[in-house]
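Okay, thanks everyone, I'll keep this short. Let me put the structure up and then walk through a few spots.

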Amino acid sequence: MNWDKNMEKDEALFQEGLGERIRQIETLLKAFLPKAEGPQKVIMEAMEYSLMAGGKRLRPMLMQEAYRLCGGRGKVVEPFMAAIEMIHTYSLVHDDLPAMDDDEYRRNRKTTHIVYGEDMGILAGDALLNYAFETACRAFETEGADPAGVGKALGILAGKSGIFGMVGGQVVDVQSTGMEISGETLDFIYRLKTGALIEASLMVGAVLAGADEKQVDGLESIAAKIGMAFQIQDDILDVESTQEVLGKPIHSDEKNQKTTYVTWKGLERAKEETERLSREAIRELRALKPQDTFLEMLLESLIHRKK
């Protein structure tokens, strides 16, 4: 009975900490957004509509936790936290476009191109990507910033976002639509399309904190497993969830004739793989010093998420 009460207490503390971090990140994002003014103000409005649509704020949260885990202090990580959420959001805005997944809803409200038009949907994504790097460069101006560390972090962010990272995964994903693909190809798509930005989150946080190569590599390995598990869980939710819970249309993978881990291995195997990858990531995290209970519980929550 006491064990159950302790578990409930830990879960309550985690949820409290999660809510507080999300609120802090929301405030941070608002602070870094440009003011909607000038002849081009519609694009600032579309950027804000897209960025402030809610969500888990997982990537900036992971970055902040890695920064703290590796002994980081100060505000140098904050521009990068905003930047990675902008990059993630731009990818969603473009994913929703008619030429991509053609979705009308995300997070239970109209997608950006439905509200602002397809042309402004494209430009809003472009604007968020460019502004992300404008924002990240502001880290050079923060008190006590190490220019070499900021430069290295920018290189990681750019690489993991581009043709050898997220965009590369999207390219193969789009090319593969309507085709039966191999497990190797699916693994490639997942590692890059979803995993790369999660890897960037933990790696950038570590680099900005002054972590050594071994720590950075260890966090990259953890992130790779979490990214894969996260995407497989997405496949599961696309089959098992509802639009009301998920906040976007379900069975979109089926509609777009996409090969997923569920269609490849089946629902039960997909669940087993999510569990296996997540457990491995948590074991690797526990091997790091010092321990980070919140980060461990955050990774744990990704296994059981409903949206």
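**A few helices and one methionine**

Let's start with helix H4, residues 78-95. At 1.5 Å a residue, its 18 residues should span 26 Å, and the end C-alpha atoms do sit 26 Å apart, so the two agree. Keep in mind that this is a predicted model. Now, how much of H4 is buried? It's 17 of the 18 residues, so the rest of the structure largely encloses this helix.

Next up, a helix pair. H3 covers residues 58-69 and H16 covers residues 293-303; their axes come within 10 Å and cross at roughly 150 degrees. Anything over 145 counts as roughly antiparallel, so that's what we call H3 relative to H16. As for handedness, the H3 and H16 crossing is left-handed.

Who's making that contact? On the H3 side you've got Leu-58, Met-61, Leu-62, Glu-65 and Leu-69, and H16 brings Phe-294, Leu-295, Leu-298, Leu-299 and Leu-302. Sorted by class, that's nine nonpolar residues, no polar ones and one charged. If you're looking at the spacing in those numbers, remember that an α-helix has 3.6 residues a turn, so residues three or four places apart point the same way.

Last stop, Met-120, which is in helix H6, residues 118-137. Leaving out residues up to four places away in sequence, Met-120 touches Val-42 and Ile-43. Ser-182, on the other hand, is 62 residues from Met-120 in sequence and 36 Å away in space, C-alpha to C-alpha.

That's it from me, happy to take questions.

Technical notes
Residues are numbered from 1 along each chain as its sequence is written. This is a predicted model: local features need pLDDT of at least 70, side-chain atom pairs count only at pLDDT 80 or more; totals for chains, interfaces and linings use all residues. Side-chain values use heavy atoms; hydrogens and water are left out. Axes are lines fitted to C-alpha atoms, for helices over the stretch in contact, and angles run from 0 to 180 degrees between N-to-C directions. Helices (H or I, at least four residues) and strands (E, at least two) are DSSP runs, numbered from the N terminus. Angles under 35 degrees count as roughly parallel, over 145 as roughly antiparallel, 65 to 115 as roughly perpendicular and the rest as oblique. A crossing is left-handed if the near helix is turned anticlockwise from the far one by less than a right angle, and right-handed if clockwise. Contact means heavy atoms within 4.5 Å. Ala, Val, Leu, Ile, Met, Phe, Trp, Tyr, Cys and Pro count as nonpolar, Asp, Glu, Lys and Arg as charged, and the others, Gly among them, as polar. The expected span of a helix is 1.5 Å times one less than its number of residues. Buried means under 20% relative accessible area, exposed over 50%, partly exposed in between (1.4 Å probe, protein chains only).
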